[in-house]
Amino acid sequence: EKIRIEIISLGLTESRIASDETIQQLFVECRLYNFLAEETPLSLPKPTSGQRIHYNYSNVIYVDKANNRARREYLKSMLLKPDLHADSLLFTVVSDPPEDEQDLECEDIGFAYVSLREIFQKKRDIIEQDIDVFDSQDDSAVIGKLKVTVEALHALRSVYEECKDD
């Protein structure tokens, strides 16, 4: 009755992000629809080309009936209405301003997605898989790879069984 998300590591390709010297520290936020946003507790120095930074951050989203009905209802509607665009976990790579420039804002520099519906349809979780990170200013440009684990199949099956019972 839970979805486990792990943000393992991030690598950047040659892009405007890699060459932008104002971007120095990065953290990753993960959001399920509009319920929950979690971020890696640390922002890490931007990796150079060919290198990866390792977050090894893990988080669990509980979707049990007793305490998390709203999240369950959302998952039900997502499984039943394939036209819903909100079927993905959204990962946002964020630039954290350096300590000495705290007047600067955090800036979203890239986005990556994991489709929960796809996990359900393919009947397999995503385990330590690289997903594309798209540039926040040009969503056709890939700026890096985010290695993640998303274990959701068990919870999605449970929700689906419940749908059939309703």
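In this predicted model, strand β3 (residues 36-39) has the lowest mean pLDDT among the elements, at 81, whereas strand β8 (residues 126-135) has the highest, at 97; pLDDT is the predictor's confidence in each residue, from 0 to 100. The protein averages a pLDDT of 89, and 95% of its residues score at least 70. Residues are numbered from 1 along each chain as its sequence is written, and local features need pLDDT of at least 70, side-chain atom pairs count only at pLDDT 80 or more, and totals for chains, interfaces and linings use all residues. Side-chain values use heavy atoms, with hydrogens and water left out.

The protein has four helices and nine strands, where helices (H or I, at least four residues) and strands (E, at least two) are DSSP runs numbered from the N terminus. Along the sequence these follow the pattern β-α-β-β-β-β-α-β-β-α-β-β-α.

| Property of the protein | Value |
|---|---|
| Span of the C-alpha trace along the principal axes | about 55 × 30 × 25 Å |
| Residues counted as buried (under 20% relative accessible area, 1.4 Å probe, protein chains only) | 46% of 166 residues |

Among the side chains, 20 are positive (Lys and Arg) and 33 negative (Asp and Glu), His and the chain ends not being counted, and the centres of the two sets lie 11 Å apart.

Definitions and conventions. Buried < 20%, exposed > 50% of the residue type's maximum accessible area, 1.4 Å probe, protein only. Charge placed at Lys NZ, Arg CZ, Asp CG, Glu CD.
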